[in-house]
Amino acid sequence: MTAAAASLAAPGARAWLVNALVTVVLWGIWGAFSGVSPQRGFPETLVYCVWALTMIPPAVVVLAQAGWRLDRSPRAIGHGLAVGLLGAGGQLVLFYAVARGPAYLIFPIISLSPVITIALSFLLMGERTGRLGALGIVLALLALPTFDFAPGADGAGAQAGWLIPALIVMLCWGVQAYFMKAANHIMSAESIFVYMALTGLLLAPAAWAMTDFSRPINWGIDGPGLAALIQVLNAIGALTLVFAFRYGKAIIVAPLANAGAPLATALISLAVLGVVPGPLKALGIALALTASLLLAIEPDSADDEAAASA
């Protein structure tokens with residue numbers, strides 16, 4: 001957790017960017033390997049349970065750093081539960097999708113969630129950005145669909161098993177990102193993450209109940225052990241994302257994180273599979289890299305009010 005701890009330690013003008021980039025790296029690696037555990041006989045429902053447990057250590061660390069103060073006003077609880085349930089519910093559906101489709105197709109679809117976040121932030125919070133930021137948002141949204149489809153043997157019937165769940169996750173996480181930013185205006189980032197961890201654990205029994213224990217389950221080190229190693233990247237990335245929203249505008253953070261992470265996932269997945277990106281994906285990579293650069297250098301990206309209140 002060294003990189004994550006360092007990113008949380010310096011809430012300066014670019015703290016949003018540091019935290020967002022840490023999230024991109026961690027989620028990019030996690031996304032590329034998130035399907036490994038189910039492929040090795042450890043069901044996605046149990047992967048969810050492991051993920052919920054990996055949320056506990058970072059939650060304890062940040063709560064201790066906050067002096068064990070947890071925001072418990074009705075508004076704070078409501079926002080915290082909304083962020084947590086949307087995130088954990090989407091996570092549960094994601095594990096279902098990843099077990100039935102390729103990660104390098106599913107994650108780019110999910111990454112379109114900033115469209116929802118941007119619309120809500122623009123309409124309900126009045127967030128705006130400069131020309132470079134606006135261009136970066138457009139390029140990020142244009143880049144994401146280029147990763148969605150690839151030639152393969154799967155027919156439309158096979159795709160239906162993961163496409164609809166992927167769209168549900170996209171909706172959940174798009175709304176969650178909006179609530180994550182809204183929550184940062186009324187409660188601490190540490191409290192938000194603690195509520196995320198609690199709601200993740202709250203849904204763990206449902207995931208356990210959904211597990212088909214009549215089928216062989218890999219309880220070896222490459223089962224739950226490997227799942228924990230992979231899912232801890234997800235947990236720490238979620239923590240740094242909360243702080244990215246704390247110090248930055250949702251209209252900027254959402255497309256940066258959601259364009260960067262699937263870009264990293266696609267590159268790693270394609271490298272592992274030994275596939276050379278075609279012209280369309282090469283264009284998507286170029287667009288995503290350009291978008292990330294523009295969003296990073298946009299002078300109006302930081303949320304000065306949030307940074308000052310930290």
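1. The lining of the largest cavity draws at least two residues from each of helix H2 (15–33), H6, helix H7 (103–110), helix H10 (156–184), helix H13 (221–247) and helix H14 (250–273). Helices here are DSSP runs of H or I with at least four residues, and strands are E runs of at least two, numbered from the N terminus. The model is a predicted one, in which local features need pLDDT of at least 70 and side-chain atom pairs pLDDT 80 or more, while totals for chains, interfaces and linings use all residues. Residues are numbered from 1 along each chain as its sequence is written, and side-chain values use heavy atoms, with hydrogens and water left out.

2. Of its 310 residues, 55% are buried, a term meaning under 20% relative accessible area with a 1.4 Å probe and protein chains only.

3. The structure holds one cavity of 30 Å³ or more, and the volume of the largest cavity is about 350 Å³. Lining this cavity are 26 residues, of which Trp27, Trp173, Gln176, Leu241 and Asn258 are the closest to its centre. (On a 1 Å grid over the protein atoms alone, a cavity is a set of points where a 1.4 Å probe fits but cannot get out, a pocket is an open set with protein on both sides within 12 Å along at least five of seven lines, and lining residues have an atom within 4 Å of a point.) Volume is the space filled by probe spheres set on the points, which are joined across faces, edges and corners.

4. H14 gives the most to that cavity lining, with five residues. By class, the lining of the largest cavity has 17 nonpolar, nine polar and no charged residues, where Ala, Val, Leu, Ile, Met, Phe, Trp, Tyr, Cys and Pro count as nonpolar, Asp, Glu, Lys and Arg as charged, and the others, Gly among them, as polar.

5. The largest pocket has a volume of about 430 Å³, and of the 18 residues lining this pocket, Pro43, Glu44, Arg100, Asp212 and Arg215 are the closest to its centre. Helix H4 (44–54) and helix H6 (74–98) each supply at least two residues of the pocket lining, with the largest share, four residues, coming from H6. Its lining divides into 11 nonpolar, three polar and four charged residues.

6. In H9, the buried residues include Gly133, Gly136 and Ile137. Elsewhere, Cys49 is buried at a relative accessible area of 12%, and Cys172 also counts as buried, at 17%.

Notes: Buried < 20%, exposed > 50% of the residue type's maximum accessible area, 1.4 Å probe, protein only.
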